[in-house]
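User: I would like to go through the labels attached to this model and see what each one rests on. Please set the values against the cut-offs.

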Amino acid sequence: MVSRRDVTNTYTLSPMAKHKASEVELNGKTIKRGFDRDSFYQSAEKTFDRTTGFKRNYVESYVGRKAHAKEPGKFFAKVMGLPTKEKDMAFKLLKTMGVKAPSIPINKVQIAAKIIKALGRGINMARWISRVK
């Protein structure tokens, strides 16, 4: 069993501490404190992939999941920049995870359909507002 406190019961040793991996001087000695979760998860992922031969898609990676949570715009830009096979797999994975990926029109017909749909929504909203007043 491992305690949260040190032997003298004065310092707490929590893995959920806010300190990033750094060094601090304590009682005249330089000690390491904190835990860098990002580097831990990335190195664990890399080790697993190397030992098992697993080909991880960007969407499945820790970096990808973190980017999706913090910066969805950059995440989808990165996904769109992947090679075609990886991009298709990424969108399939997103669909199975229940993430709604933005629909990006590819040709002029799809662009026109998207514009007409948006105009229709605007007209319906204007009709609804006129009835409410």
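Analyst: A residue is called buried under 20% relative accessible area, exposed over 50%, and partly exposed in between. The model is predicted.

User: Why is Tyr-41 called partly exposed?

Analyst: Tyr-41 has a relative accessible area of 42%.

User: What makes Phe-40 buried, exposed or partly exposed?

Analyst: Its relative accessibility is 41%. That value puts Phe-40 in the partly exposed class.

User: And which class does Tyr-62 fall in?

Analyst: Tyr-62 has 15% relative accessibility. Buried means under 20%, so Tyr-62 counts as buried. For the protein as a whole, 13% of the 133 residues count as buried.

User: How many aromatic pairs does the structure hold?

Analyst: There are five aromatic pairs. One of them is Phe-40 with Tyr-41, with ring centres 5.7 Å apart and planes at 65°. Rings pair if their centres lie within 6.5 Å, and planes over 60 degrees apart count as edge-to-face. The Phe-40 and Tyr-41 pair is therefore edge-to-face.

User: Why is the pair of Tyr-41 and Tyr-62 called stacked?

Analyst: The centres of these two rings are 5.1 Å apart and the planes are at 25°. Stacked requires planes under 30 degrees apart, so the pair of Tyr-41 and Tyr-62 is stacked. Tyr-41 belongs to helix H1 (residues 37-52) and Tyr-62 to helix H2 (residues 62-70), so the pair ties together parts that are 21 residues apart in sequence. Ring pairs join Phe-40, Tyr-41 and Tyr-62 in a cluster.

User: Which residues is Asp-38 in contact with, leaving aside neighbours within four places in sequence?

Analyst: They are Lys-20, Tyr-62 and Lys-66. Asp-38 itself is found in helix H1.

User: How do you know that the side chains of Asp-38 and Lys-66 make a polar contact?

Analyst: The distance given for this side-chain contact is 2.6 Å. The cut-off for a pair of N or O atoms is 3.5 Å, and the Asp-38 and Lys-66 side chains are listed as a polar contact at that distance.

User: What order do the elements run in from the N terminus?

Analyst: The order is β-β-α-α-α-α-α, with two strands and five helices in the protein.

Methods:
Residues numbered from 1 in each chain as written. Predicted model: local features only at pLDDT ≥ 70, side-chain atom pairs only at ≥ 80, totals over all residues. Heavy atoms only, no water. Phe/Tyr/Trp six-rings, centres within 6.5 Å; stacked < 30°, edge-to-face > 60°. Buried < 20%, exposed > 50% of the residue type's maximum accessible area, 1.4 Å probe, protein only. Helix = DSSP H or I, 4+ residues; strand = E, 2+ residues; numbered from the N terminus. Polar contact = N/O pair within 3.5 Å; in protein donor to acceptor, adjacent residues only side chain to side chain. Contact = heavy atoms within 4.5 Å.
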